[in-house]
Amino acid sequence: MPRSDLIACAGVPDNAATLPDGEVLQWRQDQQVQGPFTLKGPMSLELDLSGHGTCHFVARLRKGRVAQVEYTGPSGTLLGPYSACRPLVLACERQTHPPMRSLPSGQ
């Protein structure tokens, strides 16, 4: 994916560093992301089985194109170890993997 497409789908990065062979861009999702499973009862009783997490999405670019992607941060929700990163990259995921379209019959 070209740099311009990455910024268009992920937004303006929070940090950038220039390297001799390219650059590194970082997006931070530091607000706690809560998983989908919380039970609430009477008298303010609450049981959270989902976990919480934050995410730092790091992309390394070479020659203006994404060469490597890493996810860091304490992210441990029921949806998986990197689920807190999902909001950061969902639009880019859709762009690089468009939904399958049905072919007209006979093709």
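**Reading the chain and its ring pairs**

Analyst: Please keep in mind that this model is predicted. The accessible surface of the chain comes to about 7,500 Å², and 56% of that surface belongs to carbon and sulfur atoms.

User: How many helices and strands does the chain have, and in what order do the elements run?

Analyst: The chain has two helices and six strands. Read from the N terminus, the order is α-β-β-β-β-β-β-α.

User: What percentage of the residues is buried?

Analyst: Of the 107 residues in the chain, 26% are buried. As for contacts between residues at least 6 apart in sequence, 48% join residues at least 24 apart.

User: How is a pair of aromatic rings described?

Analyst: One gives the distance of the centres and the angle of the planes. The structure holds two aromatic pairs. In one of them, the ring centres of F57 and Y71 lie 5.7 Å apart with their planes at 20°; planes under 30 degrees apart count as stacked, so this pair is stacked.

User: Where in the chain do F57 and Y71 lie?

Analyst: F57 belongs to strand 5 (residues 52-62) and Y71 to strand 6 (residues 65-72). The two residues are 14 residues apart, and their pair links distant parts of the chain.

User: Is F57 buried or exposed?

Analyst: F57 has a relative accessible area of 3%, which means that F57 is buried. Y71, with a relative accessible area of 29%, is partly exposed.

User: Which residues do the ring pairs link into a cluster?

Analyst: The cluster consists of W27, F57 and Y71, linked by ring pairs.

Notes: Residues numbered from 1 in each chain as written. Predicted model: local features only at pLDDT ≥ 70, side-chain atom pairs only at ≥ 80, totals over all residues. Heavy atoms only, no water. Helix = DSSP H or I, 4+ residues; strand = E, 2+ residues; numbered from the N terminus. Buried < 20%, exposed > 50% of the residue type's maximum accessible area, 1.4 Å probe, protein only. Contact = heavy atoms within 4.5 Å. Areas by Shrake-Rupley, 256 points an atom, 1.4 Å probe, with all protein chains shown as cover. Phe/Tyr/Trp six-rings, centres within 6.5 Å; stacked < 30°, edge-to-face > 60°.
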